[in-house]
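This report looks at a predicted model. It takes up a helix, the surroundings of the ligands and a few individual residues in turn.

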Amino acid sequence: MGIGKATALLEDLIEKAGGCAVVDGGFATQLERHGASINDPLWSALCLIKDPDLIKRVHLEYLEAGADILVTSSYQATIPGFVARGLSLEDGELLLEKSVKLAVEARDKFWDAMDRVLGHSYNRALVAASIGSYGAYLADGSEYSGYYGSDVTLDKLKDFHRRRLQVLVEAGPDMLAFETIPNKLEAQACIDLLEEEDIQIPSWICFSSVDGENAPSGESFKECLDIINKSSKVNAVGINCAPPHFVDSLIRKFRELTEKPIVVYPNSGEVWDGRAKRWLPSKCFDDDKFELFATRWRDSGAKLIGGCCRTTPSTIRAISKVLKGRS
Ligand SMILES: C[S+](C)CC[C@H](N)C(=O)O
Ligand SMILES: N[C@@H](CCS)C(=O)O
Ligand SMILES: [Zn+2]
């Protein structure tokens, strides 16, 4: 796939979805709702070892809810993380591959079934391989602070991301989703890797934000988007796992800073306590509110809309209903 084709794949989906495609919702959240215990350094990636069937089930639930894009279970699946757990390099790589295969199998199963349903309004979903930030792997809350310490250089971040990216791409996803990137240095590492590895599938880079104006590191989104704009390998840019009430103004800001399609999939508004490893109750938004927000975000110019942590298939059903007129 050349760069033109990569761009077309995402653009076609957005067009088929009526101008705004639906991303799935909180993946780890839905695993937990089904009883999975993920209080672990691997977080949701623990289920790749313990309960892969549940991963597939959650993907199917999001498809049924109307997701046009499935984000894989690899957010916190890393080779050093698996090795720290006693797995071999080879087994770690097999688990990464499995994260893509499970989503592809769910997508194909759902799409085969839909093929037999007359007049359905679903689109054939794309599978986006999740690449969580270095902070997600550290499991210390730094995907929301952007502070990695002075010893973390561009080369270190590229070394951290490179092999996982290669393995995920080899497993055959439709696209890549860099998630909760908290600073400019890591965005640069992602861009450099896409270029150096000559990645041919589309990708998006999403930042977290804790003040509604800047990246968590305090660096401006102008600085971050200026480097992204220089790369044709990044096909969309946006925000994930930030509170929903920040999103509308961030879409407007991003529209001034980039011509790339904008993707937003905020969390419920609850705040992650990285030390206590739990969600702190905060200004929290329910599915009805997401329904209202989704039209506003679309009208403000977002092209891909979904949910992140603490959102569920019912959130995605509400978003899909309002964006596509599905009941
Ligand atoms: C998106 S956060 C809630 C994921 C979990 C975090 N990286 C941790 O392991 O503590
Ligand atoms: N795709 C991940 C992102 C966590 S911030 C999930 O939904 O669990
Ligand atoms: Zn999240």
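## Helix 13

In this predicted model, helix 13 comprises the twelve residues 313–324, and the distance from its first C-alpha to its last is 16 Å, close to the 16 Å that would be expected at 1.5 Å a residue. The helix is followed by Gly 325, which has a positive phi, near 70°.

Buried positions in helix 13 are Pro 313, Thr 315, Ile 316, Ala 318, Ile 319, Ser 320 and Leu 323. An α-helix has 3.6 residues a turn, so residues three or four places apart point the same way. The cover over the buried residues of helix 13 includes strand 1 (21–22) and strand 10 (302–305), together with helix 2 (27–33), helix 4 (52–65) and helix 12 (287–300).

## The annotated domain

The UniProt record, an unreviewed entry, lists residues 9–323 under "domain: Hcy-binding". In the model, this span is 47% helix and 14% strand, and its end C-alpha atoms lie 20 Å apart.

## Surroundings of ligand 1

Ligand 1 is surrounded by Trp 43, Tyr 75, Gln 76, Ala 136, Ala 139, Glu 143, Tyr 144, Trp 272, Lys 277, Trp 279 and Cys 309. Among its polar neighbours, a side-chain atom of Lys 277 lies 2.6 Å from an oxygen atom of the ligand, while a polar side-chain atom of Glu 143 is placed 2.8 Å from a nitrogen atom of ligand 1. The backbone takes part as well, with an N or O atom of Ala 136 lying 3.3 Å from a nitrogen atom of ligand 1. On its own, ligand 1 has 330 Å² of accessible area, of which the protein covers 99%.

## Surroundings of ligand 2

The residues around ligand 2 are Gly 25, Gly 26, Phe 27, Ala 28, Trp 43, Tyr 75, Glu 179, Thr 180, Cys 241, Cys 308 and Cys 309.

## Two buried serines

Ser 133 sits in the loop between strand 3 (126–132) and helix 7 (134–138), and it counts as buried because its relative accessibility is 1%. Leaving aside neighbours within four places in sequence, the contacts of Ser 133 include Tyr 75, Glu 143, Glu 179 and Thr 180, as well as Tyr 148, Phe 160 and His 161.

## A partly exposed asparagine

Asn 229 belongs to helix 10 (residues 221–229) and counts as partly exposed because its relative accessibility is 33%. Not counting residues up to four places away in sequence, Asn 229 touches Leu 257, Thr 258 and Lys 260, and a polar atom of its side chain lies 2.8 Å from the backbone oxygen of Leu 257. Between Asn 229 and Ala 65 the C-alpha separation is 33 Å, and the two are 164 residues apart in sequence.

Note on methods. Residues numbered from 1 in each chain as written. Chains lettered and ligands numbered in written order. Predicted model: local features only at pLDDT ≥ 70, side-chain atom pairs only at ≥ 80, totals over all residues. Heavy atoms only, no water. Helix = DSSP H or I, 4+ residues; strand = E, 2+ residues; numbered from the N terminus. Expected span 1.5 Å × (residues − 1). Buried < 20%, exposed > 50% of the residue type's maximum accessible area, 1.4 Å probe, protein only. Contact = heavy atoms within 4.5 Å. Near = heavy atom within 4 Å. Polar contact = N/O pair within 3.5 Å; in protein donor to acceptor, adjacent residues only side chain to side chain. Areas by Shrake-Rupley, 256 points an atom, 1.4 Å probe, with all protein chains shown as cover. UniProt positions renumbered as here; feature names shortened; annotations may be inferred.
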